[in-house]
4 protein chains.
Amino acid sequence: MIVAMQELATEDQIDLVIEAMVDAGVGVHRTTGATQTILAGVGPTSSVDLTKFEVLPGVLHVHRISSPYKLAGRGFRPEGTVVEFANGVSIGGARVVVMAGPCAIENEVQIVETAKRVKAAGGSFLRGGAFKPRSSPYAFQGLGIPGLQLMFDAARANGLLVVSEVMEISQIEAMLPLVDCFQVGARNMQNFNLLRELGQVRKPVLLKRGIAATIEELLLSSEYIMSGGNYDVILCERGIRTYETATRNTMDISAIPVVKKLSHLPIVADPSHGTGHREMVAPMARAAVAAGADAILVEVHPNADKAASDAAQTLYLDQFDKLMSELRVIAAAVGRTF
Amino acid sequence: MIVAMQELATEDQIDLVIEAMVDAGVGVHRTTGATQTILAGVGPTSSVDLTKFEVLPGVLHVHRISSPYKLAGRGFRPEGTVVEFANGVSIGGARVVVMAGPCAIENEVQIVETAKRVKAAGGSFLRGGAFKPRSSPYAFQGLGIPGLQLMFDAARANGLLVVSEVMEISQIEAMLPLVDCFQVGARNMQNFNLLRELGQVRKPVLLKRGIAATIEELLLSSEYIMSGGNYDVILCERGIRTYETATRNTMDISAIPVVKKLSHLPIVADPSHGTGHREMVAPMARAAVAAGADAILVEVHPNADKAASDAAQTLYLDQFDKLMSELRVIAAAVGRTF
Amino acid sequence: MIVAMQELATEDQIDLVIEAMVDAGVGVHRTTGATQTILAGVGPTSSVDLTKFEVLPGVLHVHRISSPYKLAGRGFRPEGTVVEFANGVSIGGARVVVMAGPCAIENEVQIVETAKRVKAAGGSFLRGGAFKPRSSPYAFQGLGIPGLQLMFDAARANGLLVVSEVMEISQIEAMLPLVDCFQVGARNMQNFNLLRELGQVRKPVLLKRGIAATIEELLLSSEYIMSGGNYDVILCERGIRTYETATRNTMDISAIPVVKKLSHLPIVADPSHGTGHREMVAPMARAAVAAGADAILVEVHPNADKAASDAAQTLYLDQFDKLMSELRVIAAAVGRTF
Amino acid sequence: MIVAMQELATEDQIDLVIEAMVDAGVGVHRTTGATQTILAGVGPTSSVDLTKFEVLPGVLHVHRISSPYKLAGRGFRPEGTVVEFANGVSIGGARVVVMAGPCAIENEVQIVETAKRVKAAGGSFLRGGAFKPRSSPYAFQGLGIPGLQLMFDAARANGLLVVSEVMEISQIEAMLPLVDCFQVGARNMQNFNLLRELGQVRKPVLLKRGIAATIEELLLSSEYIMSGGNYDVILCERGIRTYETATRNTMDISAIPVVKKLSHLPIVADPSHGTGHREMVAPMARAAVAAGADAILVEVHPNADKAASDAAQTLYLDQFDKLMSELRVIAAAVGRTF
């Protein structure tokens, strides 16, 4: 950490800051310039609350030099993490993986038909929500574990893996045998108790970026899971909230190369939530693969117009087939398999 | 709801939209203009997912006409809600109430000294976190229930009420005898399972606006609590995330008159989280009361520089005393008692 | 336009609104529902200020039904606009075009070397600023017309076209013989006097999206130019301002398919300003082409580290060569030539 | 400036950075820590482009230590600037000043009636636009200089000062005898040529914050004017663009104490543009004065519903009278005169 003192800071003020830094467990190097004194803090500063130094008398600015995360940083595994699944599928390697399915599991017919088509088109994961977080208490809230069982059966019958959202610590145990990957939704990205609990599980976790989370905060949240010993974390960009209303969210495609630079974790793109509009899903999925995404998470439904939730952003099965063939070409163009 | 068709929409497209509206349980009034057809949907539309109509062929725009919330709307209680507490204190009435205390409960000396000073200066509530949501897993996480017991004792010894944050459904039962008001933090504003559970509790809930939540989403979240039968909800503006970095968040003072217009629920302002800087707390607290806030929630600490968390935004006790006398004058200027 | 009245609106209030609508020149269709009255306004509403109806007594919401722009809308030219340049180059057709060059023209050696390399790698336009808008009055402000002459000569010697930013009406005349395309920077997207003047010019205009502009506002600004008779407008996405600080701006790739849907105008992507980091330029350029961009605008410099401005986001010439070969493959993958 | 090197940075990389710093004219102090090297740059760094160091090999972060502005910084005039006007009115002193009038000057009757009422209620300035920047080319664009003459006459007849927006360098000369204060609108906050020209004028300039401008950028823009020798700059907070749609903009009241801390310049609040809704204007004006604003700029119109522009946010004259009496009390409560 660096503390820059104001030009008119007194020696007493400087001494107080040095004392506070030492109290916080960091060593101090002092540079006395002609006009300004600079204090460099050396040592374990990742758990130090820097803002407390900002308000000390005579302080101009405080800057963090080292990353606040450790396990999630690129330096921890420079070669990159590849998350392996039971049937040989892996995320973070050469192959771009596709996860597809309805927003919510509605009934057996729906999920079985979807599973067949996802498999036929080359998808690896069946997705679908059993527990649905909805802004309105009057909206459809999901089928729960019985729904998840329907999806698990449909997936296994078609050689697919299962990814589904967990909303509550109490759901983990019942979900465990029915999912290959837990999904943490955007609204729970900073539900730290849930993250900590998922750190104890030995199944991969797909962690979605919060709607107003910085990439640094996303990495810090992944650190909660990893610090429990579960290193199989897959990050997911799904759009952030901005002033623009033409799309439901603004999909931050640049998060993909930024994550690749800062972290070793794989990153998935969700163009369905990222845009909220069916017709924007394909161009944004192509863009994500072109920018280096390791996987695509997309909503499809055999009867998209009548989907119980997220209908507007859900692909028809024909659109999904077409998207898959487009992604195949783009993946090849950036040196990936599909 | 209103569906505006595109100028070139065909009769078949219009029929399909009408059919979809009827399927969703709404009656349809059709206006055929010279260039454009407009379909007005009448009936119970608050649980209808409007976005699904937006992507039907031939549709230009879909607008919601009625509010998506019912119990939280001004019309439900035009006279406004006044939340009453045990010792005669109420929020939402003529008197502007002050809630103050440390970010986190640290030890007995700290919380007892704070309680005395908060009481002496005219505060009504002691605040303090027993469970702390922290972005980094390496930061201080709170003392838990034993800490809450310390705060409860200190509050009662000084005639103060207690407000403290609940992070998890599993904490509710143990917290129940030790708090007068549950606080739901910004990160949990859309933790719908938690909100639903708090709807079953018979103690008031202070619900903080999420860091990127719209006011409409805040009201929808309050609806989750109210739909369980707990109508004692107090809203809280605590700053939203914007591009500006001079303050930790951008405190949206205009949320106060907007909430007063749209809803009957009381609203509290938290200038500590709203700004993140100790020296900005007093001007923003004054501004909030001038704009009509029903209460102020503020962080104070007997040794603010060494607070275990949020030190930068925590007032010294002397600053708190000064702020209280300023608020007294502003409250009078807007026709409130203090 | 649609005016939805409040449930308790009186007949007098409804009459007043109808009168105000008629005053504004729009015809009114009234739908009287069981609980709510809706007034549909028909006629030329694109110049009507809707917000004035929002504050009339008894009004709940006002919605615009038709687009506020006319000439920029997709319906005006459903087949799409192709902007043609002197030497057979066109933007908006099958071929993806590349515009490259330094942020600022610095001297003859720099611009000549850049021109050669841009041409050799397959670029069509040489870009470079002669007038530089800088946030600080103490930063380099550009060489002016003599610099533009250097760039024009270097471009022509290498068979390239010239695009350069105009900041002021007074610069148009001198720039006219030296550019093939005027660029309007993000800061001037709503400099309406400048836009109006460029509507009188008979050279194409590349209009950058403002740093906080909605896509609708971008289209409205293009309307200023087109309403003067100059229909050769090329839009440009160059990143918007959000809370994320990992990149200089957040490049809104979804603006590309949104513009393609709403408008007939071609759209260019500028990944240099969109990200602000050299290493993010290539992935975001690939993403933009994959999403359907008609051209790429990118900063390159023979000595990128020492560029007088925007050094951090400027490609080395070798990086540019590599990017060009990547874009060639992506363009083919989406069915475009390059 | 501070350059923090990566942990694994080589001596060659460090040498290259030192060389680049020296090239940029700054002296270098080196701190070699156990794990990390830190380079502190000393000297005139306010015109140095720091981002160019960020992309040098081996660099982790670069931080600016000193402010990028000089003349606008608090240190330049610690006692604060008071801008004096002809008739004894001043902005930045003990008295809170009110500037009021219509969005646009429409005709003589309108402006004369407004002037009388503004004066009677205690206002000091008559405001009104002669040149109107409108997002749509089809909206009312203002009366120009003849309109300004009408306003000047009405103001002088009532002992009021005149403030009006300048949009173009070419308008300055004709406006000069007819205004006491030039206003630069939000859209022109970074129209640097215009700012530079206003630096040559010897009349005060009211500079509005851009819709997505940081406070630092606002201060840098004021520096453009001051560096020309015109130190009479008055800043204005008028709302910033966020994701919230309940208000037209989000009025950043905290900008008031932030500006007071960072700069010596006076600051005005514009709650009309800040909220866009007539009923929000009074609470936000009170909030601004409570937070320390030096003046209030507000839109009023004798026939607010029929105002040619901004009708929704324009006060009726009766509302204005009421607001004035409220502000009088709030001003007294914060120790100001009115």
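# Working chat: chains, barrel and contacts

Student: Quick one to start. What share of chain A is buried?

Tutor: In this predicted model, buried residues make up 58% of the 338 residues in chain A.

Student: How many helices and strands does chain A have?

Tutor: Chain A has eleven helices and 14 strands.

Student: And the box its C-alpha atoms fill, what are the dimensions?

Tutor: Roughly 75 × 45 × 40 Å, taken along the principal axes.

Student: Which domains is chain A divided into?

Tutor: Two are assigned: domain 1 covers 2-63 and domain 2 covers 74-333. Their C-alpha centres lie 43 Å apart.

Student: What about contact range within chain A?

Tutor: Take the contacts between residues at least 6 apart in sequence. Of these, 66% join residues at least 24 apart.

Student: OK, strands now. Which ones form the closed barrel in chain A?

Tutor: Eight strands do, in the order β7-β8-β9-β10-β11-β12-β13-β14, with parallel pairing. From one strand to the next, the twist averages 25 degrees.

Student: Give me one pair from chain A in detail. How many bridges join β11 and β12?

Tutor: Four bridges, in the parallel sense, between β11 (residues 205-208) and β12 (residues 233-237) of chain A. On that pair, Leu207(A) has Leu235(A) in β12(A) as its bridge partner.

Student: Which strands does helix α4 of chain A lie across?

Tutor: Helix α4 (residues 145-157) of chain A lies across β8 (125-127) and β9 (161-165) of that chain. Relative to β9(A), the helix runs at about 160 degrees.

Student: Switch to chain B. Is strand β7 there buried or exposed?

Tutor: Buried. Five of the five residues of β7 (residues 97-101) in chain B are buried, so the strand is largely enclosed by the rest of the structure.

Student: What does β7(B) pair with?

Tutor: Strand β14 (residues 295-299) of chain B is joined to β7(B) by five bridges, and the two run parallel. In β14(B), Ile296(B) is the bridge partner of Val98(B). Strand β8 (residues 125-127) of chain B also pairs with β7(B) in the parallel sense, over two bridges. There, Ala100(B) stands opposite Leu126(B).

Student: Now the assembly. How many residues does each chain give to the contact between A and C?

Tutor: Chain A gives 33 residues and chain C gives 33 residues.

Student: Which helices of chain A supply that side?

Tutor: α8 (255-262), α10 (278-291) and α11 (317-333) of chain A each supply at least two residues. The largest share, eight residues, comes from α10(A).

Student: How many nonpolar, polar and charged residues are on that side of chain A?

Tutor: The side of chain A that touches chain C has 20 nonpolar, eight polar and five charged residues.

Student: Last topic, Ala86(C). Where is it?

Tutor: In the loop between β5 (83-84) and β6 (90-91) of chain C.

Student: Buried or exposed, and why?

Tutor: Ala86(C) is exposed, because 7 other C-beta atoms lie within 10 Å. The cut-off for exposed is 12 or fewer.

Student: How far is the C-alpha of Ala86(C) from that of Asp180(C)?

Tutor: The two C-alpha atoms are separated by 8.1 Å, with the residues 94 apart along the chain.

Terms used. Residues numbered from 1 in each chain as written. Chains lettered and ligands numbered in written order. Predicted model: local features only at pLDDT ≥ 70, side-chain atom pairs only at ≥ 80, totals over all residues. Domains from an automatic or database assignment. Contact = placed C-beta atoms within 7 Å. Nonpolar A, V, L, I, M, F, W, Y, C, P; charged D, E, K, R; others polar. Pairing = 2+ DSSP bridges. Axes fitted to C-alpha atoms, helices over the stretch in contact; angles between N-to-C directions. Buried ≥ 20, exposed ≤ 12 C-beta atoms within 10 Å, placed from the backbone.
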